[in-house]
Amino acid sequence: MTERQHPDVAEAIHGELRLHDPAVQLSRPLAEALFDPEFTEVGASGRRWTYEEMLAALPELHGGEDGPPIVAEAFAGTVLAAGLVHLTYETVIDGRRARRSSLWRRDTAGTLRLYYHQGTPVPDGTPQP
């Protein structure tokens with residue numbers, strides 16, 4: 001975290017990175033703690049995911065425990081309003097790049113949780129950020 005980074009942005013980045021951890025992906029209780037119950041996603045594949053669909057698929061989504069690592073970089077974040085953070089970043093999964101956008105919102109208990117996520121494939125040959 002840089003000195004100028006808002007603490008809510010740092011918390012959202014930490015949450016994103018936790019969701020990339022196979023230990024979290026394999027544990028429904030750990031994953032549930034990070035997803036907002038109203039979560040939706042439009043994945044890099046174009047598929048739309050709901051909260052329940054994502055939690056059910058997460059353990060095997062990227063090949064499970066033995067799948068390729070998710071490399072995330074170039075995080076940028078903005079606090080849009082109190083308790084609402086927008087993140088952008090890029091991932092590389094098994095050689096495929098995607099640009100990602102997430103909205104994290106604070107629930108009534110004070111926990112920042114992933115409310116919306118979208119991934120967009122990066123065409124081959126596009127320069128890195």
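Trainee: In which strand is Ala74 found?

Mentor: Ala74 belongs to strand 3, residues 70-81; a strand is a DSSP run of E with at least two residues, a helix a run of H or I with at least four, and both are numbered from the N terminus. This is a predicted model, in which local features need pLDDT of at least 70 and side-chain atom pairs count only at pLDDT 80 or more, while totals for chains, interfaces and linings use all residues. Residues are numbered from 1 along each chain as its sequence is written, and side-chain values use heavy atoms, with hydrogens and water left out.

Trainee: Why does Ala74 count as partly exposed?

Mentor: Its relative accessibility is 41%. Buried means under 20% relative accessible area and exposed over 50%, with partly exposed in between (1.4 Å probe, protein chains only). Ala74, at 41%, therefore counts as partly exposed.

Trainee: Where is Asp94 placed, and is Asp94 buried or exposed?

Mentor: Asp94 is in the loop between strand 4 (84-93) and strand 5 (96-106). Its relative accessible area is 57%, so Asp94 is exposed.

Trainee: How many aromatic pairs are there?

Mentor: There are two aromatic pairs. Rings of Phe, Tyr and Trp (its six-membered ring) pair if their centres lie within 6.5 Å; planes under 30 degrees apart are stacked, over 60 edge-to-face, and the rest tilted.

Trainee: What makes Phe35 and Phe39 an edge-to-face pair?

Mentor: Their centres are 4.7 Å apart and their planes stand at 65°. Phe35 is buried because its relative accessible area is 3%, and Phe39 is buried at 2%.

Trainee: Why is the pair of Phe75 and Tyr89 called stacked?

Mentor: Their ring centres are 4.5 Å apart and their planes meet at 20°, so the pair is stacked. Phe75 lies in strand 3 and Tyr89 in strand 4, so the pair ties together parts 14 residues apart in sequence. Phe75 is partly exposed at 24% relative accessible area, whereas Tyr89 is buried at 3%.

Trainee: How do you know that the radius of gyration agrees with a compact globule?

Mentor: The radius, taken over C-alpha atoms, is set against a globule rule of 2.2 Å times the number of residues to the power 0.38. For 129 residues a compact globule would have a value near 14 Å; the protein has 14 Å, which agrees.
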